[in-house]
Amino acid sequence: MNPEPRSRPVTTSVEARVIPLRPRVAKAPEVELPAEADPVSSAVTFLRNRLTGEYAVDEFGFDPELTEKVLLPPLRLLYEKWFRVSVTGIDNVPKDGGALIVCNHSGTLPLDAVMTAVAVHDEHPARRHLRMLGADLLFRTPLLGTLARKTGQTLACAADAERLLSSGELVGVWPEGFKGIGKPFSARYKLQRFGRGGFVSAALRTGVPIIPCAIVGAEEIYPKIADLKPLARLLGLPYFPVTPFFPLLGPLGAIPLPTKWTIEFGAPIATDSVDPDDVDDPMLIFSLTDQIRESIQQSLYRRLAERESVFKG
């Protein structure tokens with residue numbers, strides 16, 4: 001996670017209420033419907049709130065009502081029916097307070113990140129939202145950048161990460177970045193370098209636990225066999241992938257393969273006992289970064305050894 005300039009305030013076409021982040025708030029406000037509410041009345045209420053501005057967003061642009069009512073349902077179908085995600089270790093994610101979830105990254109497109117967010121929300125008893133840190137390319141992309149803001153994502157910069165963590169939020173980071181997500185199929189499940197440890201520094205400064213997370217199954221959804229670098233440079237992309245089906249089959253080649261996924265949340269690594277004078281110690285940051293990376297790599301190897309099939313798990 002490399003430091004970037006602070007994210008810009010988000011503007012909406014309707015005057016929504018902005019909820020400032022307060023220290024040690026368990027999570028962003030959630031909008032719950034009564035159990036007896038029917039889908040039609042729920043939809044009418046949602047549309048009325050959109051038109052009148054009677055909905056809440058925080059200073060990063062996170063819109064919990066839009067996320068839960070509109071964006072999560074289609075992702076949940078992908079999670080449950082297509083990738084058939086199995087989750088272990090969800091009890092390692094705290095019920096409240098800040099924590100940093102650190103994951104391996106793969107798959108050519110960052111579907112592993114959104115599936116992890118669905119796992120945290122749907123499998124955790126507290127139904128927590130994962131506030132993901134993303135690359136600036138995401139926020140420069142029309143529509144995707146807006147949707148990312150609405151679901152609570154922000155730039156992968158130290159200032160925003162620390163503010164979210166100190167406010168009691170769950171923050172997700174994929175420190176391999178484009179090196180991980182864009183690696184060739186021949187390098188699958190081999191973790192790339194974890195940057196300069198910015199995510200560890202943010203956790204140390206806020207005293208929150210770090211939770212290693214291993215994702216198996218995402219590597220095979222788009223097997224990358226080549227990279228058209230001239231075309232990538234022309235389009236301003238970090239890579240332009242060639243898979244067995246894309247671009248040969250056009251839009252059909254963009255359909256991910258229905259691999260069976262496993263997401264494992266490992267044992268938390270405590271940071272609250274570190275002396276405040278040592279939080280900027282480069283050797284401590286390097287040691288913790290290496291410990292987290294090794295923990296995720298060993299979990300991946302173990303899960304792969306237990307897996308019988310890419311598509312059956």
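Reply: Let us start with a term: two strands pair if DSSP finds at least two bridges between them, the strands being DSSP runs of E with at least two residues, and the helices runs of H or I with at least four, numbered from the N terminus. This is a predicted model, in which local features need pLDDT of at least 70 and side-chain atom pairs count only at pLDDT 80 or more, while totals for chains, interfaces and linings use all residues. Residues are numbered from 1 along each chain as its sequence is written, and side-chain values use heavy atoms, with hydrogens and water left out.

Me: Which strands does β8 join, and in which sense do they run?

Reply: Strands of a sheet pair through backbone hydrogen bonds, either parallel or antiparallel. Here β8 (residues 210–216) is joined by four bridges to β11 (residues 262–265), running antiparallel, with I215 opposite I263; four bridges also join β8 to β4 (residues 99–103), in this case parallel, and P212 of β8 is the bridge partner of V102.

Me: In what order do the strands of the sheet lie?

Reply: Seven strands form an open sheet of mixed pairing, in the order β3-β11-β8-β4-β7-β5-β6. The edges are β3 (86–88) and β6 (154–155), each of which has a single partner strand, so one side of each lacks a neighbour in the sheet.

Me: Is β8 mostly covered or mostly open?

Reply: Taking buried as under 20% relative accessible area, exposed as over 50% and partly exposed as in between (1.4 Å probe, protein chains only), seven of the seven residues of β8 are buried. Both faces are covered, with I210, P212, A214 and V216 on one side and I211, C213 and I215 on the other.

Me: How do α2 and α3 pack?

Reply: Two packed helices are described by the angle between their axes and the distance between the axes. Axes are lines fitted to C-alpha atoms, for helices over the stretch in contact (heavy atoms within 4.5 Å), and angles run from 0 to 180 degrees between N-to-C directions. Helices α2 (residues 64–82) and α3 (residues 111–123) pack at about 105°, with their axes 10 Å apart. The contact includes L72 and Y79 of α2 and M115 and V118 of α3.

Me: How many disulfides are there?

Reply: A disulfide is a covalent bond between the sulfur atoms of two cysteines. With a cut-off of 2.5 Å between the sulfur atoms, the whole structure has zero disulfides. The sulfur of C103 lies 3.7 Å from its closest cysteine sulfur, in C213, which is too far for a bond.
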